[in-house]
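Here are my notes for you to read with the structure open. Have a look at it first, then go through the points one by one.

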Amino acid sequence: MAVIGLSGRFPGAGSAAELWENIASGRESLTRFTREELAAAGVPPQEYEDPAYVPVRGLLDGVEEFDAGLYGYAPREAELIDPQQRLLLSCAWEALEDGGHGGREGRTGVFVGTSASTYLMRHLLPRPELVGPDGLMAVMLGNDKDHAATRIAYKLGLTGPATVVQTACSTSLVAVHHAARSLLRGECDTALAGGASITVPQRSGYLYRPHGILSPDGRCRAFDRRAAGTVAGSGVGLVLLKRAEDAIRDGDPIRALLRGSAINNDGGDKAGYTAPSISGQTAVIRAAHAAADVRPDDIDYVETHGTGTELGDGVEVAALSAAFRAGTDRRGYCAIGSLKPNIGHLDAAAGVASLIKVVLALQHRVLPPSIHCEEVNPALRLAESPFHVNRTARPWERGTTPRRCGVSSFGVGGTNAHVVLEEAPARSPRRRRPDDRPQLVVLSAAAPESLTAMTDTLVKDVADRRPALDDVAHTLRTGRSHLGVRRAAVARTADELHRALGTAPVRTVPRVSSLVFQFPGQGSQYPGMAAALRRAVPAFREHLDACLDLVDPGVRRELVPLLTDDGASPPGAEDGTGTRLAQPALFITQYALARVLTGWGLRPKALIGHSIGEYTAACLGGALELDAALRLVTARGEIMAGAPRGAMLALAADEDTARGHLFGSLSVAAVNAPAETVVGGTEQDVAELAARLAAHGVRTKRLRVSHAFHTALMDPAVDAFRAVAASVDHARLRTTVVSNVTGGVMHRRRGYSADYWARHLREPVRYADGLGHVLALPRPILVEVGPGRSLTGLALRTPGSQGAVLTATMPEPPTEEGAASRHLLEALGTAWSAGAGVDWDAFGAGTTARRVSLPTYVFRAERHWIDAPRTGTAAGTEDPPPPERTPQGTAASPAPAAPSDVDGDGGDGDDGAAASGTQQRLAGIWTRLLGIPDPGPESDFYALGGHSLLAVSLLAGIRKDFGVELSLNETHHARTLRAQAELVTARMTSGPPATTRDADGSSDSE
């Protein structure tokens, strides 16, 4: 098995990296408390004033804090969850991200265990208001050990086995063993394994008892002459495992290999139930060596259980010696050590903490020091054994075999575990991309403050470690969950990334968004417009070449240099080839680019094109096969090029004003925006119109065209083109397409025909009306697909664009190598950050980039905690008041709720249910259940963290306060406070309805 990710919280260390710093520095991370601290924590004076009281513990910072909104928990429910399970959930998130699998693809198993919930015993059960008839089940669901694994699986969407392991002190290493076995059996693709142990109050010590397992002075001295006991500590740890061959194949960041493991039980061969057994420990170590296919001579280091107790050290060294002597007679070659002198005994988390220690030691190639062993206990007879205590950090030299080590964990009750680890294999070299290739880096979070903090930590990490930027970008795209607050940036270097992320806008993904592709018309093209993308994007080249293969060979010979040669001359307007080739060139470029985007997972809800651009929309929408569309646009360009020459003029005026100035050959050709109209006609008439309008102060601009498209001058081309269009089959549209002719949505079944295309050639382009339609869609994201940004500009100048996100894939001709890729990636990043779905696996297909370990999610530190009742201690006799709640402390969906969801200012307080007071009374029930103050009328019970169990309590509260019965089904339909209040009011007025059935088949009367 490969260890590809890890996470933890330990005394004096908020992360595994900080833990290693403390270990390598030989630092003890236990805390000694003053009497004042003990009194404030609620420790009775008769305890801490006892001379035998030892005020020492390994404590964790921030156990009261939890990012409830990230997981969709309501504040009240978060307060009822054991901090052990909450921190396991957060560490599971981090471990998955650390291993590059935060996107949670495949089947991930969960194997964890915890210590007993002292939070339940000391903080919750003594409060009768929390554990009444409606609250006991919620309290037990939040604190029973049974739910530690399944909570992680449910909240993170993990579909492998989810199993709780409970073997006292060996819990977390036994969990690792079971996770490895599950992977070997093929039950999962990756597996989380570990445990948690948090005792509250944390700021408390213990009463020393001679010959017990706890130290008389608060110091653990494993293997030392003065060893007399251990010290308790709190901690959480998880590792992410994967089959090694799969991890190597997938380019995962392997930290170490787990070669083999074994578990057993002492049985009755020992002095008592809590006593250790030499035979049991010897057997499990030998079994692990056999499973790992190693000899004792292959092991350089053993991380022992190492409690520093009178009995424990002697039994453990004797068992190790017996196991090793079965295969070696060498002395003193293998180092041993223990983590417990550094951080204390973490009970259910002890084994995984030791495992994480040695994984990091293998990575750093350092033999870690075992502190507080000043003089080795001679009774251990280490000089005659294969072992020596490693008391200082020193380089871990490699011999003829890879660096290897063992980890032991032995539980009260006799369940023993031993694992054998090996250093990670060297990563195979790979062909690197050019250093200056642009990379799309994406970041997301559930809250803006988390995203800001994540941006800062990522920039610092990249600047410090200088990992390959394509690895960074690939990991963030495929190895992270994509949440509702987002930013994206394109960069070539670490320095560029710093600048780009610093200026990248932060967007909140709406619940519903509408992706729209815009396809520009003639005039946006330029020579060699497809050249840079054809070189940089293999999929673009594939689709471009497929189009060229379908056009007439003679036309293809002219199109290829026009599209793919950077130095190609523009088609000459003087002989009509500008129109003849420009139209198929634009279609091919737009089609190939759109197919690239859809291949990356973008799924537009609507398509709109300007003039020739509508042909691309119709083809992608399903109305035209590719070869048919190419025949049409090629014929159209040729027929229109043969029409009488003309000119076109853009006016800063609306359509009615423009029509008031028409004369002679002039016609309205396009209505692009409310105050932007294009007219066309003969060269003489257009020149005269321009002069007249200038005299009236109307701004105009001549367009660089050879013909007056969409005007009466196109009349000679209409019948010829209708005949061509009649030879082409038209199919039913599969995607919404907006018509240039009507400005509305095309009918999916009978929309396109030869007559339609004839009208489209002659009649004005009603793009302003079409834009009005797409801008009225929910939260539109408009992506201009093709050269230029003219349509993006039109959209910006159209009413209703304020809430839209606008971007262009080819905003300008590239002026340097990589610019075309940068523009495309920036457009993709903008669409993603606004809520468009992207298939990042498809985007990265064929990449040589690999997943790497990067800074993980930054959780919001919000206090979700029920204080323990006071019982006449020195700190006082009254219970502390319940914590005040503010909107900032409420649960959040992936996108933060609208202000009306939390601030109570969502509707008219004088009408309906609110006027009668029903809404206010119902809001009180919501607040009691969810922990959210003043929910607004449009607040959604389920979006704020409600679920079926809380809904049952809601129904009970309504029954008690209002004397009416509602069903679960009704709360699912009437989700808002206003809707539920109206339902309650109606029920009180009219009485209960006929019996209805909930989704599970039960009726209201059952």
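1. Let's start with a hole in the protein. Strand β18 (439–445) and helix α15 (448–465) each give at least two residues to the lining of the largest cavity. Keep in mind that this is a predicted model.

2. How big is that largest cavity? Its volume comes to about 130 Å³. It is lined by 16 residues, and Leu443, Ser444, Met454, Leu476 and Arg480 sit closest to its centre. By type, the lining splits into nine nonpolar, five polar and two charged residues.

3. In total, the structure has five cavities of 30 Å³ or more. Tyr526, Met529 and His823 are among the residues that line it, and the lining counts eight nonpolar, two polar and one charged.

4. Now for the packed parts. The largest nonpolar core holds 107 residues, and Phe517, Leu559, Phe587, Ile588 and Trp757 have the most contacts inside it. Helix α21 (residues 577–599) provides the largest share of this core, eleven residues. Another core, of 71 residues, lies apart from it, and includes Tyr71, Leu124, Leu240 and Ala494.

Methods. Residues numbered from 1 in each chain as written. Predicted model: local features only at pLDDT ≥ 70, side-chain atom pairs only at ≥ 80, totals over all residues. Heavy atoms only, no water. Core = buried A, V, L, I, M, F, W, Y, C linked by side-chain atoms within 4.5 Å. Buried < 20%, exposed > 50% of the residue type's maximum accessible area, 1.4 Å probe, protein only. Helix = DSSP H or I, 4+ residues; strand = E, 2+ residues; numbered from the N terminus. 1 Å grid on protein atoms, 1.4 Å probe; cavity = no way out; pocket = protein on both sides within 12 Å on 5 of 7 lines; lining within 4 Å. Points joined across faces, edges and corners; volume = space filled by probe spheres on them. Nonpolar A, V, L, I, M, F, W, Y, C, P; charged D, E, K, R; others polar.
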